[in-house]
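Here is a set of questions and answers on one model. Work through them with the structure open.

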Amino acid sequence: MSSHGSDPRQPSAAKPYVAPPVSPQDLPIDYAGFIAVILGVAGVMFRYKLSSWLALIFCAQSVANMRNMENDLKQVMMAMISTLQVM
């Protein structure tokens, strides 16, 4: 259909994308980690096994999507400990 000589793109003008730096305070909230903590605490207080299993699943999701290692690790560890206390 088109010939190679009529390509208007210029490979020499292409630049790789560089993501702008984002401070840890500007990152979106880790909802999975927050839900894991809430469900873990509910599992400990009310002895609900289902809430503990759900907290474990949300905890694994939070670990998989971890962006800020220091703050997220504290939240994930709290959720994991409260989850394992019920089981």
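Predicted model: local features only at pLDDT ≥ 70, side-chain atom pairs only at ≥ 80, totals over all residues.

Q: In which hand does H1 pass H2?
A: Helices here are DSSP runs of H or I with at least four residues, strands are E runs of at least two, and both are numbered from the N terminus. A crossing is left-handed if the near helix is turned anticlockwise from the far one by less than a right angle, and right-handed if clockwise. For H1 passing H2, the crossing is left-handed.

Q: Are H1 and H2 roughly parallel or roughly antiparallel?
A: Axes are lines fitted to C-alpha atoms, for helices over the stretch in contact, and angles run from 0 to 180 degrees between N-to-C directions. The H1 and H2 axes lie 8 Å apart, at an angle of about 155°. Angles under 35 degrees count as roughly parallel, over 145 as roughly antiparallel, 65 to 115 as roughly perpendicular and the rest as oblique. H1 and H2 are therefore roughly antiparallel.

Q: Is serine 62 buried or exposed?
A: Serine 62 sits in helix H2, residues 49–64. Beyond its neighbours within four places in sequence, serine 62 contacts Asp30, Ala32, Gly33 and Val76. Buried means under 20% relative accessible area, exposed over 50%, partly exposed in between (1.4 Å probe, protein chains only). At a relative accessible area of 1%, serine 62 is buried.

Q: Which residues make up the largest nonpolar core?
A: A nonpolar core is a set of buried Ala, Val, Leu, Ile, Met, Phe, Trp, Tyr and Cys residues joined through side-chain atoms within 4.5 Å. The largest one has five residues: Ala36, Val37, Cys59, Val76 and Ala79.

Q: What is the phi of arginine 47?
A: Arginine 47 lies in the loop between H1 and H2. With a relative accessible area of 57%, arginine 47 is exposed. Most residues other than glycine have a negative phi. Arginine 47 is not a glycine, yet its phi is positive, about 60°.

Q: What pattern does the protein chain follow along the sequence?
A: The protein chain has three helices and zero strands. Read along the sequence, its pattern is α-α-α.

Note on methods
Residues numbered from 1 in each chain as written. Heavy atoms only, no water. Contact = heavy atoms within 4.5 Å.
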